[in-house]
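Q: I have a structure on my screen and want to learn to read it. Where do we start?

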Amino acid sequence: MHIYKTDQDPAVRSLGPENLLLKGATLKNTKKIYGVAVYTGMETKMALNYQGKSQKRSAVEKSINAFLLVYLCILISKAVVCTTLKYVWQSQDGQDEPWYNQKTQKEKDTYVYLKMFTDFLSFMVLFNFIIPVSMYVTVEMQKFLGSFFITWDKDFFDPEIHEGALVNTSDLNEELGQVEYVFTDKTGTLTQNNMEFIECCIDGFQYKNTDAVSELDGFCVTDGPVSKLQQKAGLEKEELFLRALCLCHTVQVKEAGSDETDGVEVDGLGAAYSQPDEERGFIASSPDEVALVKGAMKHGFTFLGLENKTMKIRNRQNDTEVYELLHVLNFDPVRRRMSVIVRTKSGETLLFCKGADSSIFPRVRPEEVDRIRMHVERNATDGYRTLCVAYKQLSPEEYAVADAELRDARLALQDREEKLMAVYNQVETGMNLVGATAVEDRLQEEAAETMEALQGAGMKVWVLTGDKMETAKSTCYACRLFQRGTELLELTVRTLDDGGRKREERLHELLLDYHKKAVQDAPPVKAGVTRSWSTTNQDYGFIIDGATLSLVMNPSPDANSNRYKNLFLQICQSCTAVLCCRMAPLQKAQIVKMVKNSKGSPITLSIGDGANDVSMILEAHVGIGIKGKEGRQAVRNSDYAIPKLKHLKKLLLAHGHLYYVRIAHLVQYFFYKNLCFILPQFLYQFFCGYSQQPLYDAAYLTMYNICFTSMPILAYSLLEQHIAIEILLDNATLYREIAKNAMLRWGPFLYWTVLGVFQGLLFFFGVRYLFSNPALQDNGQVFGNWSYGTIVFTILVFTVTLKLALDTRHWTWINHFVIWGSLAFYVFFSFFWGGIIWPFLKQQRLYFVFANMLSSVSAWLVIILLILLSLLPDILLVVLRKPKGPHAQKITAVTPLSYKYLSELY
């Protein structure tokens, strides 16, 4: 890059990662900059890791489509049967026309197939009400209005960020009640992403922030603050270590009084952290770096800032030390370390390096490693994030060579990264190990209880993280995903290299060994149970890293790819929890896709808080975003967003459970009430010469699904709580009862269909028995066919509405209003429609029919009797099947007509 200035010759500058401005960066300390647009469009990191958005459809929608095909077949069958029987009946002499107006044979044979087709279409129109078109409108209304209950839930409100839950799509509400696999990120999701400096190790000696007694190296020692001179590492080593923490980073100082406020910068580079004692805050791309700088500040060394390539720090004696920043060897995930080269006032050139233990230990003296390794491993086991710190003094000759090579590599137009990597590796050798740090990323509030509840509900939890294995493993133990008795099956690069053979051979051997142990030799487990609490069955946990996963998902051409995947998947499905560490964002999506497309097509849920989780959030059936400290990318791409992980428990176990039960009942109820509605119409054709004569008036046909029966089921599907929310949260196992789309399987669907057929037959033939003596009025007048249809329709409306009332367990004033209001509106409408001569109607079929019908005592008797007989099975089940268990007063399950697993609730 050539920057031209008026008073200077053009200078050649390199552009590298240190010059890259990420999305959301803020311009500071200068009025303008010269910039070049690089890595734009589809070359951005976000675009490269982006998983294309697929259309998400819930299992309920798929069930509705399947049921709809069944009812479409019933509709076509009814039309075919009636059309066939019509022409069979008319083929008999004297049936088609009266004796005085008989048709000639030629007239009978003219357009016979066209007549049959038009008759078939006429029957299709007559019976088309069996297809519940209005159900789709009601379902969409239920989903849209129901989603507000998540937004309004006060338990989801977080006082820290002053936000509650967010619903980005309402199409998947019921899917929250069907989740079988949960894929979660670690940092920011299971943990708070709020780093705190806990302790450090200097030259093999442990230092803690507060006075504490710890058992260390076989001796009981008391560790005090670093600020107190200990008879351990020595003052010189302590100050060298603290200087390294103050200099080896990319932190910026934010002075008090700046325009920015302390806290998280949404969609920015990182978080802004305030220091009330010093009235100074820090901004960094990683919270870890801020924690280390703050840790050094607590113990006497304060980073004052970077200005014009000059770094200033204040030491314990309150003296300001000035260092010239010569080079920054940036962190990258391959090297897993970063370094700075600085020059002191006295002219010494120093290199400070910090990074993961696996990348630092091979580059320092072995005798120094032994003193530090034990502390690093212990801290990692305790769940702390560990970094090792090393330094190296460069002679003028060494620095001159390194400086020239670094400048040349940074200006290279070809293979710049490889050349820089080679120079970095050459410079970062022969270092002296100073110590190690331990930073704590605390668990989210109620993280362990949430994970335990999800497992109790029958869900398999997989942790997908980019962190090192030891830290992620300790987090899984802290979250109770791994128990003390859990046997861990490890499939990492370390285990693959143990055998001394090719990695793929060792991989195949370990997969077969783990498959035999976890799958073949495991005793059969009851469906839905994720963890056995008995001592006879062994629980297994599975651990895999990103490099090994690449071998499993993308093996060499001579290996059997599907064989590896199938073994790996079967092992994971047999384990209580799975940990995938050192994962790239696209690998997370690959894992989710593999499980989603496995046998049985289980419902998956992904939850994360950062942009690196977007791919798996988009891939899963349901994506949950956490409103954390890593921006809003996950929230914007998710289906639902919640402030904290603990809210996932109520979202699934309460809201998800209730949403599924409500919409499943809504779907079954719609098919049932339409079958009750049209079956008498079908039966009526057998008694009217298959003449397409309607049984019901046109107004009744139109308003049945729109006015008379729509509002009660809509209110039910929004407000029903067949089990109290407190009970659902306390008893996670209740979630299993509705798993695998239990209420919309073919068994419950057949039950509702049989119920509809039974009640339809009862309506029609019960009223026909009444009409065996048509003189039902006191004056001897007879009832006609419209009276017949009106009586059937009255029984129908009252029965299907009272059926819903019997199924309702959570009564509110809204339920009372719409149920009794719908029945009152039907009676009022019938009187009003039949009590006035409407000028716009050519013929008025129901003029005073309803009023005359109610003047007959026999009609009243039949209406009441048939309603009671139709609802008798429900009434008996409500009376005889009382809920069992300790919560009998609080819980009343939906009747088995809609809830298949009532008898197994307790």
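A: Start with the largest nonpolar core. It has 82 residues, and Val667, Tyr696, Tyr700, Ile791, Phe793, Ile795 and Leu796 touch the most other members. A nonpolar core is a set of buried Ala, Val, Leu, Ile, Met, Phe, Trp, Tyr and Cys residues joined through side-chain atoms within 4.5 Å. Buried means under 20% relative accessible area, exposed means over 50%, and partly exposed lies in between (1.4 Å probe, protein chains only). This is a predicted model: local features need pLDDT of at least 70, side-chain atom pairs count only at pLDDT 80 or more, and totals for chains, interfaces and linings use all residues. Residues are numbered from 1 along each chain as its sequence is written, and side-chain values use heavy atoms, with hydrogens and water left out.

Q: Which helix gives the most to this core?

A: Helix α21 (residues 647-684) does, with 18 residues. Helices (H or I, at least four residues) and strands (E, at least two) are DSSP runs, numbered from the N terminus.

Q: What is valine 667 in contact with, leaving aside its neighbours within four places in sequence?

A: Contact means heavy atoms within 4.5 Å. On that basis valine 667 meets Val60, Ile64, Phe67, Met135 and Leu744. There is also a second, separate core of 42 residues, and its members include Met459, Ile624, Ile642 and Leu653.

Q: How do I read an aromatic pair?

A: Two values describe a pair of aromatic rings: the distance of the centres and the angle of the planes. Rings of Phe, Tyr and Trp (its six-membered ring) pair if their centres lie within 6.5 Å; planes under 30 degrees apart count as stacked, over 60 as edge-to-face and the rest as tilted. This structure holds 47 such pairs. In one of them, phenylalanine 686 and tyrosine 690 sit edge-to-face, 5.7 Å centre to centre with 70° between the planes.

Q: Are phenylalanine 686 and tyrosine 690 buried or exposed?

A: Phenylalanine 686 has 36% relative accessibility, so it counts as partly exposed. Tyrosine 690 is at 10%, so it counts as buried.

Q: Why is the pair of phenylalanine 793 and tyrosine 826 called tilted?

A: The planes of phenylalanine 793 and tyrosine 826 meet at 50°, with the centres 5.7 Å apart, so the pair is tilted. Phenylalanine 793 lies in helix α26 (residues 785-807) and tyrosine 826 in helix α27 (residues 813-835), so the pair ties together parts 33 residues apart in sequence. Phenylalanine 793 is buried, with a relative accessible area of 0%. Tyrosine 826 is buried too, at 0%.

Q: Now the sheets. How do I read one?

A: Strands of a sheet pair through backbone hydrogen bonds, either parallel or antiparallel. Two strands pair if DSSP finds at least two bridges between them. Here, nine strands form an open antiparallel sheet in the order β6-β5-β19-β18-β17-β16-β15-β14-β13. The edge strands, β6 (205-208) and β13 (302-307), each pair on one side only. The twist averages 30° from one strand to the next.

Q: How many bridges join strand β16 and strand β17?

A: Seven, in the antiparallel sense, between β16 (residues 337-343) and β17 (residues 349-355). Isoleucine 341 has leucine 351 of β17 as its bridge partner.

Q: Where does helix α7 lie?

A: Helix α7 (residues 287-298) lies across β5 (191-202), β13, β16, β17, β18 (385-394) and β19 (432-443), running at about 45° to β5. Axes are lines fitted to C-alpha atoms, for helices over the stretch in contact, and angles run from 0 to 180 degrees between N-to-C directions.

Q: What is the pairing in the sheet β3-β26-β25-β24-β4-β20-β23-β22-β21?

A: Mixed, in an open sheet of nine strands. Its edge strands are β3 (166-167) and β21 (487-491). Strand β4 (residues 181-184) and strand β24 (residues 604-608) pair in the parallel sense over four bridges. Threonine 184 has isoleucine 607 of β24 as its bridge partner. Helix α15 (residues 503-520) packs on this sheet, touching β21 and β22, and its direction makes about 160° with that of β21.

Q: Is glycine 541 buried or exposed?

A: Glycine 541 is at 0% relative accessibility, so it counts as buried. It lies in strand β22 (residues 540-545).
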